[in-house]
Amino acid sequence: MTNAQRNIARVILYLSLGAALVLAAQPIMHATAAHADDQVVPAEGTVAPDFTLPSQEGTQISLHSLRGKWVVLYFYPKDQTPGCTIEAHAFQRDQAQYDAKNAVIVGVSVDTVESHKEWCAKDGMNFKMLSDVNKEVVTKYGSTMTIPQAPQLGTVAARNTFIIDPSGKIVKEFIKVNPTGHSEQVLAALADLQKSGAR
């Protein structure tokens, strides 16, 4: 197979996976819920489960090291797929607004550090993308799923987002996120939380 044929096959695979991921995640929001496979996400108002994971830069990032800032912790299924790209590009586009709110964006998937590094370099993302290849953190946050249309992926991260306040408490959850318009939702929630004095 030539390089050109390999590239075409890769594009077809990513498009197929992207379509499967869109079908697997219908947009709904709520505070705490059991998933179809009986997972339970941590409740709003509780301390966010701590973790340490490697970033696309090769450094280890711990949640507790981000205390004092608002954290937008978002889980997503797969690097370089259409829905995940829409979501990541919007977070990158709005980076200055998050900075102004003393908020950091942290993306987590079960992809490798090398996969994150390649995607961030290709698409110009400079916020933290963390690799959870052992699926420990996605499990802690009740954020795993399997995709019937793409069984070859195995268990991936479900598209859920958690806003964590500067004290380390979960104050807002978005479950089964629709990537289109999601950054705007998060910014609006941050504004409301900061206006109301949530800590």
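## Terms and model

Buried here means under 20% relative accessible area and exposed means over 50%, with partly exposed in between (1.4 Å probe, protein chains only). This is a predicted model, in which local features need pLDDT of at least 70 and side-chain atom pairs count only at pLDDT 80 or more, while totals for chains, interfaces and linings use all residues. Residues are numbered from 1 along each chain as its sequence is written, and side-chain values use heavy atoms, leaving out hydrogens and water.

Let's start with α4, which spans residues 113-123. Helices (H or I, at least four residues) and strands (E, at least two) are DSSP runs, numbered from the N terminus. Ser-115, His-116, Trp-119 and Cys-120 are the buried residues of α4. Viewed down the helix axis, they fall within an arc of 125 degrees, so they line one face of α4; the arc is that of the directions from the helix axis to the C-beta atoms.

These buried residues pack against α2, β4 (103-109) and β5 (128-131), where contact means heavy atoms within 4.5 Å. On the face turned away from the buried side, you will find the exposed residues Glu-114, Ala-121 and Lys-122. Just after α4, Gly-124 takes a positive phi of about 75 degrees.

## A look at Trp-119

Trp-119 has a relative accessible area of 0% and is therefore buried. Leaving aside residues up to four places away in sequence, its contacts include Tyr-76, Cys-84, Ala-88, Gly-124 and Met-129. The C-alpha atoms of Trp-119 and Gln-56 are separated by 9.1 Å, with the two residues 63 apart along the chain.
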